[in-house]
Number of protein chains: 2
Amino acid sequence: MISSLRANLHSSDGLTSLSTLLAPQLKQINECILEKMQSSVALIPQIAGYLISLGGKRIRPLLTVSAAELCGYEGSRHIHLAACVEFIHTATLLHDDVVDESSLRRGMATANTRWNNKASILVGDFLFSRAFELMVADQSLDILRILSKTSSAIAEGEVMQLASSHDLDLNQDTYIKIISSKTACLFSAAAEVGVVVAGGNTPERQVLASFGHNLGIAFQLMDDILDYEADQRKLGKTIGDDFREGQVTLPIILAYEKGIDREFWEKAFVKGSRDEKALEKAIILLNESGILDETKAIAQRFVDDALSCLSSFRDSPLKSALEDLTYFSIQRET
Amino acid sequence: MISSLRANLHSSDGLTSLSTLLAPQLKQINECILEKMQSSVALIPQIAGYLISLGGKRIRPLLTVSAAELCGYEGSRHIHLAACVEFIHTATLLHDDVVDESSLRRGMATANTRWNNKASILVGDFLFSRAFELMVADQSLDILRILSKTSSAIAEGEVMQLASSHDLDLNQDTYIKIISSKTACLFSAAAEVGVVVAGGNTPERQVLASFGHNLGIAFQLMDDILDYEADQRKLGKTIGDDFREGQVTLPIILAYEKGIDREFWEKAFVKGSRDEKALEKAIILLNESGILDETKAIAQRFVDDALSCLSSFRDSPLKSALEDLTYFSIQRET
């Protein structure tokens, strides 16, 4: 399973240099994940293993390892904590797919489709609890504080998004607040945990937490864009998920604010007329009006902020790889 | 809200003496729960508050407080930790009701019915995370270890039960193992946490954890019995939930093992013929064959073990109240 996990990472998404540089650590993280998701209840490693084998980008655990090593850490605690971070992420994915009624993730059936919602909820709970067990074993209250606070924030962000779905009056600021909680918070925490493990100083902690935050926002905005990018179809990627779920994301907010065919968006998001024909129209509207480019320009500002957070660190292959990752976060195709 | 919460506790379920004796602490626990479930995301306190206001027995937080005070504790940390325990319990209820597709809890609409499954899942996640935040604020790694391990065990128990639903080959030992994880584990942890707060010694810790475990098993078995008790109808209680969900509980295991109308149970649990007429028949079979009495006799053994765990403590009103609670755990009507 590990080899297939790693194979997935070598895509042209800006992670190549980081995952190549940290290949040994990535191998250790994957081994730790496989070991710690075990349970005498067979269904748990089956489902957790399935989801983990789909081969996410492992960007969050890589942030933990990167931040620690950027601060000069040479031990092995960061591997276990990186696995905790990935467990929390995987637990949220399992629950998200149930909440969003998603049927595909990375082109494969989601766990709730392959098994059922019940199992997805419970295995999510297990992974979440197991993450805390691993953190307790590491014995840092500081890290437990960061990640328990982050977990609450993720849930708050998800509830905020749920409460504001179909809401065309959502503004940019509120939307950024939602994705800060829902997505960027774990990116930020992942990096901060790395600094804490390394015994980094307060400025290092602040600046790398901020790096994670900005990178997380950029990533989420790019995800929002990719969901409407016409080119994505060519890659065989499912697009339009956000639209089908009635999720108002930044491109929609911008289009509506600018008065681009308001009637269409109202029909789609308020009255619920979101069939495949409507999706086609949404894609054309967002691509041709330049809204996706505008969204990318906003994402670029977060990329710039993230890059500036790295500027205080001395040059190194690791710093370059993180810069690559950041730069490519809004150039990626998947 | 607090007064309605407390009113619920004064029922004849054996908790009266304990909740009267610990009324001030119970008030503090309820206040702590209300304070700590707050969030800027309005839906969170709405849903959490609704579920908490349904007025569960608060037996788990009362166990934490009781165990601490039985070991001579006079501080206030146990109040916050009791609230953590209740948050974990409430989170599992929210997820359970989604998993079991339940529509009623204590005669009121479940949160998933009143709001929806999505909100229930996410607010459950929030309460679970908030519980860990509160534990971190308390700063005891020992307590974090107990409750993170317990949370994993609860999820494992739930998955085990999910994997074994409709399984008539389930035996008594496996069933006790499932409910140990699913239910008794949190009773046990709730008590153990109290001892840890009080700085109790190892024997006190072991004996009160064991008390909680045995009490938890007895409670669960009584829940299993109540689901088929003909008298329950008179109380306006919904019965037959386990049956409708195809959940094989101890009464069914015993009936099937003893060969009481095996064909009927196979039709119900394997072939899925579980309409209201079948439920009527199940109730008659289990009541008239003495299976419910037999289940209660098994529960009585756990009650006896729980009582013997208390014997090493010197007599006190608190010890008497815990004995009452234990004794009445299998005499209760709700």
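This is a short walk through a predicted model, one selection at a time.

Two housekeeping points before you click. Residues are numbered from 1 along each chain as its sequence is written, while chains are lettered from A and ligands numbered from 1 in the order in which they are written. Because the model is predicted, local features need pLDDT of at least 70 and side-chain atom pairs count only at pLDDT 80 or more, whereas totals for chains, interfaces and linings use all residues.

**Stop 1: chain A as a whole**

You'll find 17 helices and 2 strands. Here helices (H or I, at least four residues) and strands (E, at least two) are DSSP runs, numbered from the N terminus. The C-alpha trace spans about 60 × 50 × 35 Å along its principal axes. For 334 residues, a compact globule would have a radius of gyration near 20 Å, and the 19 Å of chain A agrees with that. That radius is taken over C-alpha atoms, and the globule rule is 2.2 Å times the number of residues to the power 0.38.

Of the 334 residues in chain A, 52% count as buried. A residue is buried if 20 or more other C-beta atoms lie within 10 Å of its own, exposed if 12 or fewer, and partly exposed in between, with C-beta atoms placed from the backbone. Among the contacts in chain A with a separation of 6 or more, 77% come from residues 24 or more positions apart. Two residues are in contact if their C-beta atoms, placed from the backbone, lie within 7 Å.

**Stop 2: where the chains meet**

Now show both chains. How is chain B superposed on chain A? A rotation of 180° with 0.0 Å of shift along its axis does it, with an RMSD of 0.0 Å. That is the relation of a two-fold axis.

The contact takes 35 residues from chain B and 35 residues from chain A. Color α4 (43–53), α6 (77–99), α8 (117–138) and α9 (141–163) of chain B: each supplies at least two residues of the side that touches chain A. The largest share, 14 residues, comes from α9(B). By class, this side of chain B has 20 nonpolar, 7 polar and 8 charged residues. In this scheme Ala, Val, Leu, Ile, Met, Phe, Trp, Tyr, Cys and Pro count as nonpolar, Asp, Glu, Lys and Arg as charged, and the others, Gly among them, as polar. And 100% of the interface residues of chain B are also interface residues in chain A, so the copies meet through the same surface.

**Stop 3: two helix pairs in chain B**

The contact of α9(B) with α10(B) has 12 nonpolar, 4 polar and 5 charged residues.

Show side chains for L43(B), I44(B), I47(B) and A48(B) of α4(B), plus A119(B), V123(B), F126(B) and L127(B) of α8(B), which make the contact. These residues divide into 8 nonpolar, no polar and no charged.

**Stop 4: single residues**

Select S329(B), in the segment after α17 (317–328) of chain B. Is S329(B) buried or exposed? S329(B) is buried, with 26 other C-beta atoms within 10 Å. L215(B) sits 114 residues away along the chain, yet the two C-alpha atoms are separated by 7.7 Å.

Jump to I260(A), in the loop between α13 (250–257) and α14 (262–270) of chain A. I260(A) has 17 C-beta neighbours inside 10 Å and counts as partly exposed.

Finish at H166(A), in the loop between α9 (141–164) and α10 (172–197) of chain A. Most residues other than glycine have a negative phi. H166(A), though not a glycine, has a positive phi of about 70°. Switch to H166(B), and you'll find a positive phi of about 70° there too.

Key:
Copies are superposed by least squares on the C-alpha atoms of residues with pLDDT of at least 70 in both.
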